[in-house]
Amino acid sequence: MAADTGDPRPLQVPKRLLDAVGDDPAEPVRSWLDSLPQLAARRLSAWELTPERVVTPGGRGGLVVLVRQADGAPAALKFPVPGPGEGDEAAALAHWNGWGAARLLRASPEDGALLLERLQSAVSLRSLPEAKALLEAAGTVRRLWVPPPADSFGTVEERTEAAAELLPTLASGAWAADVRPLADEALDLRSGLTARPPERLLLHGGFRQGKVLAGERTPWLAVGPRPVVGERAYDLARLVLDRCEDLAAGPGPAAAARRRIAKLADSLDVDRDRLRGWSLFRAVEAGLRHGAAGDRRRAELLLEFAGWL
């Protein structure tokens with residue numbers, strides 16, 4: 001992918017992003033991927049940015065290019081993959097205004113481009129020992145839980161409704177026939193959890209250790225939100241699933257998983273039962289999705305983790 005910016009170095013779309021969206025049947029996504037070179041070239045020119053390099057392997061949610069602004073200041077130019085909730089990432093980052101998350105410098109509704117405070121893309125909380133990583137993650141996510149702007153984002157109930165409707169079908173697949181009881185438990189838990197939400201806060205929506213990068217203005221800042229409004233336990237549940245492969249490889253994984261829930265819940269004043277419920281639901285939902293996509297190893301690990309809870 002070459003951008004006509006005066007810089008002879010080509011900008012290559014990372015393989016991880018190509019693999020994630022290259023076969024997407026949605027026409028808008030395919031068109032976006034095809035037009036990405038032109039989009040990048042126009043935005044680099046319009047904002048007077050000099051590209052340094054594409055972040056690799058990068059994420060599955062968009063292309064990120066490390067750039068220099070006209071005054072020489074470093075920044076990161078991101079092109080999120082288009083889809084549901086388009087524009088939500090920019091709105092959430094603007095609302096946080098650098099509090100616990102990367103600061104949004106500029107945004108273009110025209111092509112979805114975001115100019116972000118540059119962080120150390122190669123250094124996430126996953127580079128730390130687990131206990132230290134969980135401590136820093138808790139301190140970071142706590143800052144993100146603020147009152148949301150009025151009528152700006154969807155709710156946890158809405159986001160999980162489609163997944164809940166799909167779970168019985170996914171659980172009935174031949175490979176997953178024995179997990180139907182676990183899927184039923186996940187559905188029952190979700191029904192109870194969404195019946196009476198205890199709070200309405202702005203959540204990151206996809207918070208995990210890999211979404212927290214080292215910064216200069218403050219040691220750790222969150223990136224890549226999928227913002228949603230709901231209770232803190234939903235946001236914390238994805239963090240519970242982090243490094244589940246490490247727990248599986250260690251002694252007493254079931255007890256270790258339950259201790260993790262207790263420790264995170266208590267450190268952030270979140271109800272243990274609600275955190276367990278959302279952790280189980282998110283583990284089952286993610287496990288069945290991975291299984292349907294052919295990633296049996298990851299699917300079985302996540303479903304095993306759910307069984308420990």
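Biologist: Okay, two strands pair if DSSP finds at least two bridges between them. With that in hand, in what order do the five strands of the open sheet come?

Modeller: The order is β1-β2-β3-β5-β4, and the pairing is antiparallel. Keep in mind that this is a predicted model.

Biologist: Got it. Which strands are at the edges of that sheet?

Modeller: β1, residues 50-54, and β4, residues 104-107, are the edge strands. Each of them pairs on one side only.

Biologist: And how are neighbouring strands turned against each other?

Modeller: By 30° on average, if you ignore direction.

Biologist: Which helix packs on this sheet?

Modeller: That's α3, residues 88-96. The helix touches β3 (74-80), β4 and β5 (114-116), and its direction makes about 140° with that of β4.

Biologist: Let's zoom in on β1 and β2. How many bridges are there between them?

Modeller: Four, with the two strands running antiparallel. β2 covers residues 62-68. Thr-50 stands opposite Arg-68 in β2, and Arg-53 faces Leu-66 there.

Biologist: Leu-66 again, then. What is its bridge partner in β3?

Modeller: Ala-76. β2 and β3 also run antiparallel, and seven bridges join them.

Biologist: Is β2 mostly covered or mostly open?

Modeller: Mostly covered: five of the seven residues in β2 are buried.

Biologist: What about the hairpin of β2 and β3, how many residues sit between the strands?

Modeller: Five, and in that hairpin Gly-72 takes a positive phi near 90°.

Biologist: Switching topic. What's the order in the open sheet of three strands?

Modeller: That one goes β6-β8-β9, with antiparallel pairing. Its edge strands are β6 (120-124) and β9 (220-222), and each pairs on one side only. Neighbouring strands in this sheet are turned by 55° against each other on average, direction ignored.

Biologist: How many bridges do β8 and β9 share?

Modeller: Three, in the antiparallel sense, with β8 running over residues 212-214. Ala-214, for one, has Trp-220 in β9 as its bridge partner.

Biologist: Let me step back. How many helices and strands does the chain have?

Modeller: Eleven helices and ten strands. The chain's radius of gyration is 20 Å, close to the 19 Å that the globule rule gives for 309 residues, so the chain is as compact as a globular protein of that length.

Biologist: What box do the C-alpha atoms fill?

Modeller: Roughly 60 × 40 × 40 Å, taken along the principal axes.

Biologist: And what share of the residues is buried?

Modeller: 50% of the 309 count as buried. The accessible surface comes to about 14,700 Å², and 51% of that belongs to carbon and sulfur atoms.

Biologist: What part of the contacts comes from residues 24 or more positions apart?

Modeller: 69%, counting the contacts with a separation of 6 or more.

Biologist: Last one, I clicked on Thr-194. Where does it lie?

Modeller: In helix α6, which spans residues 180-195.

Biologist: Why does Thr-194 count as buried?

Modeller: Because its relative accessibility is 15%, and buried means under 20%.

Biologist: Which backbone oxygens does its side chain come up to?

Modeller: The side chain of Thr-194 reaches the backbone oxygen of Arg-190 at 2.9 Å. A polar atom of that side chain also lies 3.4 Å from the backbone oxygen of Ser-191.

Biologist: And leaving aside neighbours within four places in sequence, which residues does Thr-194 contact?

Modeller: Glu-157, Thr-160 and Trp-278.

Conventions. Residues numbered from 1 in each chain as written. Predicted model: local features only at pLDDT ≥ 70, side-chain atom pairs only at ≥ 80, totals over all residues. Heavy atoms only, no water. Axes fitted to C-alpha atoms, helices over the stretch in contact; angles between N-to-C directions. Rg over C-alpha atoms; globule rule 2.2 N^0.38 Å. Buried < 20%, exposed > 50% of the residue type's maximum accessible area, 1.4 Å probe, protein only. Contact = heavy atoms within 4.5 Å. Areas by Shrake-Rupley, 256 points an atom, 1.4 Å probe, with all protein chains shown as cover. Polar contact = N/O pair within 3.5 Å; in protein donor to acceptor, adjacent residues only side chain to side chain.
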